[in-house]
Amino acid sequence: MGGIILFLEAQAPKQALAIIDKGILQIKNSWELFFLKGYILWKAYNNYEEASKQILSSSLKKGAPSYLPLLAASFSLKTSNKMFIEGFYKIILNTVKDPAQKQLILKKMERLKERDG
């Protein structure tokens, strides 16, 4: 909780990330902490690559919302690194259990291939 307050109220993303990292070391199975880290990396630094990694990590934790893999995939598209995007989508495809989400990811992968030729 302290990390998000530092970020939102004190505009101190570096300190917020430090607190969240300490929390992750203590509570490794918290999807919320990984999500918050990704959120801050996105909002404060526009670091879509690292944000997508953190949100994907969050999605793998028990109790995580089912939309997180698709959110992570969307963030990865904001990077200019085609190899990262392609590899990231393959990882997501291998981690997602829901058949409907797998279909959405496969469709996005097809559109990427069409777009990039």
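I started at isoleucine 20. Leaving out residues up to four places away in sequence, isoleucine 20 touches Gly3, Leu33, Leu36, Lys37 and Ile40. I note that this is a predicted model.

**Core.** Next I looked up the largest nonpolar core, which has 32 residues. Ile20 is among those that touch the most other members, along with Ile40, Ala72, Phe88, Tyr89, Ile92 and Ile105. At least two residues each come from helix H1 (2–10), helix H2 (13–26), helix H3 (31–45), H4, helix H5 (68–76), H6 and H7. For context, I wrote down that nonpolar side chains tend to be buried together in soluble globular proteins.

**Serine 59.** I moved to helix H4, residues 48–59, which holds serine 59. Is serine 59 buried or exposed? Its relative accessible area is 15%, so serine 59 is buried, the cut-off being under 20%. I found its side chain 2.6 Å from the backbone oxygen of leucine 56. Setting aside neighbours within four places in sequence, I listed Ala64, Leu68 and Pro69 as contacts of serine 59.

Last, I looked up the largest pocket. Its volume is about 240 Å³. I counted 11 lining residues, with Lys82, Glu86, Leu112, Lys113 and Asp116 closest to the centre. Which helices each supply at least two residues of the lining? They are helix H6 (82–95) and helix H7 (99–116). H6 gives the largest share, six residues. I sorted the lining by class: five residues are nonpolar, five are charged and one is polar.

How values were computed: Residues numbered from 1 in each chain as written. Predicted model: local features only at pLDDT ≥ 70, side-chain atom pairs only at ≥ 80, totals over all residues. Heavy atoms only, no water. Helix = DSSP H or I, 4+ residues; strand = E, 2+ residues; numbered from the N terminus. Buried < 20%, exposed > 50% of the residue type's maximum accessible area, 1.4 Å probe, protein only. Polar contact = N/O pair within 3.5 Å; in protein donor to acceptor, adjacent residues only side chain to side chain. Contact = heavy atoms within 4.5 Å. 1 Å grid on protein atoms, 1.4 Å probe; cavity = no way out; pocket = protein on both sides within 12 Å on 5 of 7 lines; lining within 4 Å. Points joined across faces, edges and corners; volume = space filled by probe spheres on them. Nonpolar A, V, L, I, M, F, W, Y, C, P; charged D, E, K, R; others polar. Core = buried A, V, L, I, M, F, W, Y, C linked by side-chain atoms within 4.5 Å.
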